[in-house]
Amino acid sequence: MSNRKSTPYVLVLPAWVWLAMFFVVPIGGMLSLSLTTGNVVTGFQQTFEVGNYVEAVGTYWEQIVRSLFYGGCATLLCIVIGYPMAYWIAFRGGAHKSTYLLLILLPFFVSFVLRTISWRFLLADNGVVLGTLKSIGLIPSDAAVLNSSPAVILGLAYNFLPFMVLPIYAVLERMDPRLVEAAHDLYAGRVQAFLRVILPVSLPGVFAGVLMTFIPTSSDYVNSSVLGGTHNTMIGNVIQTQYLVNNNYPIASAITFVLMGLLLAGIFSYARALGTERVMEVHA
Amino acid sequence: MNHRPRPHLSPELLRGLTRRRQRGPLSVPGISRRSTLQAGGVAAAALALSACGVGGQQRDSESVEDYWGGKERTGSLRFGNWPLYMDSERTQLQQFTEATGIEVDYKEDVQEAAQFFGQIQPKLANGDDTGYDLMVLPNGFELAKLIELGYLVQLDHTRLNNYADYAGEVYSNTAYDPGNRYTIPYTSGITGIAYNPDYVDREITSIADLWDPAFEGKVGMMSDAQEIANFGLLYNGVNPADSTLEDWEAAAAALREQRDAGIVRAYYAQDFIQPLTNGDLWMTMAWSGDIYQQNAEEGTNLKFVVPEEGATLWTDCMMIPYTSQAPVDAIELMNFLYEPEIAAGLTEYIAYITPVPYVQEVFREWAAAEGDSERAEALTDMAESSLVFPTEDEYQRLHNFVNLAAEDQEQFASLFHAITQS
């Protein structure tokens, strides 16, 4: 019988080993690295240099704030675009629901970087969109979108949209349709039924979607480097440069921890505001 | 950490197993992992943090005799190069395989020198195979670091007879690698200014044109710290190779001014051609061969100029990492690429400056043999082009990059990354 008792532990063991190997250890190593001084040739010595964090925040606060702002804008955009999509597929998709879902996922069969680069063609000054608008005189001939904040935010929203649509769809699809019927029986109009029944039920999906878009968008570096111009650098680009280009591992690690801390703090206060049970539901 | 199958146990690996590791950022988590798990408490983890840093990664590169003694051909090699640095049929590699029987796995993996260095550095520090037996990097900071760290194989010049016979003088004794101990050039090029005459209605002759507010939001600059620094320095009338900290600061100030005036549209790693062609950019810092290729292949009419203040001459060098699995095959290919006919074929496609001056003759011979064809015309054009065969005068106006030790590089890079990563 002791065999049976240990079964759950045996089953959970791979997950623990996985987490320890690929999460706890690298995080520990990175924390250690973030407190060292030196360079790649002479080596990095452990000096508990807290100044690395001061330098990281002091030098790059602008990029950190910008990343959270871009991530926030992209997430909002994803909700505005993604919610109606999920709603439509869940309630009006009929027999073709899975086809529509596949269509949403289809761009994912193309490499992330290529998808982003194709936006360069789309947003070019004389490209499909701007060129057409210019030729019919809707916008001034020197208008430009590419290499600006809106271009980066649009790229981010486009690339992470499915991460918003799918969780919202999952919640709406599981919703008992009788809830809506009951609302109508109780004389709720369509707007009332949506605001007081459907929306509250779907919030856990929105919550999950926000987590799944806000975290990757605010730490992304591809969109900013492909679609951004001057003053559009995100913190992901800085980390990439510090780590891969300058080989300044201590500063790169310090920025990473600052970003991680900010995101965690943000998520926890967000979870608190919405109620923790919703965080749990997300994983159900 | 690395689950690649290993063909054989390398001495580096054995050393790593039998001795406490000192090199490599990856050895840090190695040490801290063990101690963390053993102690299993926060206090112990803190102790572990204090116990480890990353040791110096410098190693001594083996002497030519020590390294090359007993090394043999393996029959295949992996060659890491930049995109568009060989035609899509890989003609020269096919010729190499025909001549020697050695198969080449060609990878266009080098997109940006610094980033590529960042990818291979931890592997080299650990004594691991990088996935390349031969690779091409410019004569910049990364090359200096690779040499300083002892990561490159010292070349056995007795195996490089073509190089001895055909390499141009300018390329055989350089500041970045005196005596070509570690590298020989693959190709050279000029960083100058390219512009699109469809949008720019005057002749561009000067670096100062890149600061002209008339081109607001239509100027492209390069994101590489050294490339952009050179242009800031030349704008201020300073020769990059002799520049000092004060010069760098002044150059950074000029570049910041240019950026904050809204003149710069974006900083490009190497993808400036497409925006220049479609009008997103009117003018940009550019590499000579890219413009030549674009015009020759797409029929565009982009202009390239070596500005009056001067421009920079860089050299992409071939080198063998010390963990190479096929150094003999690699050095044979290096030598093969210096055969004039092979070098000519390569240059005909990439349109950069070849280290083999004799190629100019080969072009003329080929053009004569072709008679009256399009190719003959293209070959003659190229043989006459100063973008491919700079004249003595032009070489005088082309400057070298500044050579810096690792600790100065950091200061230099952070000054200029503050410009490009705003």
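1. A crossing of two helices is called right-handed if the near helix is turned clockwise from the far one by less than a right angle, and left-handed if anticlockwise. In this predicted model, the crossing of α2(A) and α8(A) is right-handed.

2. The geometry of this helix pair may be stated further. Two packed helices are described by the angle between their axes and the distance between the axes. Helix α2 (residues 51-92) and helix α8 (residues 190-219), both of chain A, pack at about 140 degrees, and their axes are 8 Å apart. The angle makes α2(A) oblique to α8(A), because only angles over 145 degrees count as roughly antiparallel.

3. As to the residues involved, α2(A) contributes A:Ser67, A:Leu68, A:Tyr70, A:Gly71, A:Gly72, A:Ala74, A:Thr75, A:Cys78, A:Ile79 and A:Gly82 to the contact. From α8(A) come A:Val206, A:Gly209, A:Val210, A:Thr213, A:Phe214, A:Thr217, A:Ser218 and A:Ser219. By class, the contact comprises 8 nonpolar and 10 polar residues, with no charged residue.

4. Most residues other than glycine have a negative phi. A:Phe48, however, has a positive phi, near 50 degrees, and is located in the loop between β2 (43-46) and α2 of chain A. A:Phe48 has 13 other C-beta atoms within 10 Å and is therefore partly exposed.

5. In chain B, the phi of B:Ala351 is likewise positive, at about 60 degrees, although this residue is not a glycine. B:Ala351 belongs to the loop between α15 (340-350) and α16 (359-370) of chain B. B:Ala351 counts as buried because 26 C-beta neighbours lie inside 10 Å, the cut-off being 20 or more.

6. Strand β7 (residues 283-287) of chain B is mostly covered, with 5 of its 5 residues buried. In a regular strand the side chains alternate between the two faces of the sheet. On one side of β7(B) are B:Met283, B:Met285 and B:Trp287, on the other B:Thr284 and B:Ala286, and all are buried.

7. The pairing of β7(B) involves two strands of chain B. Strand β4 (residues 184-195) pairs with β7(B) in the antiparallel sense over 5 bridges, and B:Thr191 stands opposite B:Trp287. Strand β5 (residues 219-222) pairs with β7(B) in the parallel sense over 2 bridges, with B:Met283 as the bridge partner of B:Val219.

8. Between the chains, 38 residues of chain A are in contact with 38 residues of chain B. On the side of chain A that touches chain B, α1 (2-33), β1 (36-39), β2 and α10 (235-245) each supply at least two residues, and α1(A) gives the most, with 7 residues. The residues of this side divide into 16 nonpolar, 21 polar and 1 charged.

Key. Residues numbered from 1 in each chain as written. Chains lettered and ligands numbered in written order. Predicted model: local features only at pLDDT ≥ 70, side-chain atom pairs only at ≥ 80, totals over all residues. Axes fitted to C-alpha atoms, helices over the stretch in contact; angles between N-to-C directions. Helix = DSSP H or I, 4+ residues; strand = E, 2+ residues; numbered from the N terminus. Parallel < 35°, antiparallel > 145°, perpendicular 65-115°, else oblique. Contact = placed C-beta atoms within 7 Å. Nonpolar A, V, L, I, M, F, W, Y, C, P; charged D, E, K, R; others polar. Buried ≥ 20, exposed ≤ 12 C-beta atoms within 10 Å, placed from the backbone. Pairing = 2+ DSSP bridges.
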